[in-house]
Structures are given as structure tokens and as C-alpha cells.
Amino acid sequence: QVQLAESGGGTVQTGGSLRLYCIASGRISETYVMGWFRQAPGKEREFVATVSGSDSTHYEDSVKGRFTISRTNAKNTVLLQMNSLKPEDTAIYYCAAGGRFSTYYGNYEYWGQGTQVTVSS
């Protein structure tokens, strides 16, 4: 079983920065793909960024150039550095892990509980 725990959320003003952390424990393979998704009130969960076991990355278009996903050498921690935050980035951010390099949430087997990010205007 794999457990994911997010941290680092909070409230910032427009243009500010936050760094989200996700620590994986349990039987996590270093080849697992780790991703971040977000869900705003009244909206569907949407893809944000993902990183493979070989450190390939992919981003949703609206966060390219502002967000950076990375994982530690131990492969069990993934970070999401968020810069130039906008009010539309406000959402609950979820960490996910799975076996496929994908933007589709259904391809991720394990999920964290989420961490709230609020960007005030």
C-alpha cells in the first residue's frame, strides 16, 4: 500500500509563490509517475503537472513557465514550486502516484488528501 501526504498549501497574494510537498510512503516504486492535480469549487479535478521516474515532466498549459515539478533523488518526495500565482490557481491541490505518464486522473492509483491553495487578488 502507498500513502501520500501533501503539505505547503496556504494563502498568498497575486504574484506570490508557494511550494507544495508530497511525501510518499509504503511500497512506492521509484519508477512510479508522480503528479499534481487541482480542484476548484464547482469544477472538475484538473491536471497540473507530472514527473516520471526518469524525471521527464509535463505541464498543463496555464501553469507552464510558472510552476516547476521535481522529485528528490530518493524518488519518494515530489515538489511543486508555484510562482507568479493568480487567483485562478485557487484550488485544493492533490498529489497522485501511478504507473502511467499521463494527464488523466484515472491513470493514477494513489492519492493524497489534498492541500488548500488560496490566491487573493
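Me: A salt bridge is a side-chain nitrogen of Lys or Arg within 4 Å of a carboxyl oxygen of Asp or Glu. By this rule, to how many salt bridges does the count come?

Reply: The model is predicted, and in it local features need pLDDT of at least 70, side-chain atom pairs count only at pLDDT 80 or more, and totals for chains, interfaces and linings use all residues. Among the salt bridges is the one between Asp61 and Lys64, whose closest N and O atoms are 3.1 Å apart. By the rule above, the count of salt bridges comes to four.

Me: How many residues apart in sequence are the parts tied together by Arg38 and Asp89?

Reply: Arg38 forms a salt bridge with Asp89, with the closest N and O atoms 3.0 Å apart, and Asp89 counts as buried at 1% relative accessibility. Strands (E, at least two residues) and helices (H or I, at least four) are DSSP runs numbered from the N terminus. Because Arg38 lies in strand S4 and Asp89 in the loop between S8 and S9, the parts that this pair ties together are separated in sequence by 51 residues.

Me: Which residues do salt bridges that share partners join into one network?

Reply: Asp61, exposed at 59% relative accessibility, has a salt bridge with Lys64, which is partly exposed at 46%. Salt bridges that share partners make one network, and the residues joined in it are Arg38, Glu46, Arg66 and Asp89.

Me: How many of the residues of S8 are buried?

Reply: Both faces of S8 are covered, with Thr77, Leu79 and Gln81 buried on one side and Val78, Leu80 and Met82 on the other. S8 is therefore largely enclosed by the rest of the structure, the number of its six residues that are buried being six.

Me: Which residue in S8 is the bridge partner of Phe67?

Reply: Two strands pair if DSSP finds at least two bridges between them; S3 and S8 run antiparallel and are joined by six, with Arg19 standing opposite Gln81. S7 and S8 pair in the antiparallel sense over five bridges, and the partner of Phe67 in S8 is Met82.

Me: Which residues of the largest nonpolar core touch the most other members?

Reply: A nonpolar core is a set of buried Ala, Val, Leu, Ile, Met, Phe, Trp, Tyr and Cys residues joined through side-chain atoms within 4.5 Å. The largest has 29 residues, and those touching the most other members are Leu4, Met34, Trp36, Leu80, Met82 and Tyr93.

Me: Which residues does Asp55 touch, not counting those up to four places away in sequence?

Reply: Asp55 lies in the loop between strand S5 (46–51) and strand S6 (57–59), and is partly exposed at 42%. Contact means heavy atoms within 4.5 Å, and, leaving aside residues up to four places away in sequence, Asp55 touches Arg71 and Lys75.

Conventions:
Residues are numbered from 1 along each chain as its sequence is written. Side-chain values use heavy atoms; hydrogens and water are left out. Buried means under 20% relative accessible area, exposed over 50%, partly exposed in between (1.4 Å probe, protein chains only).
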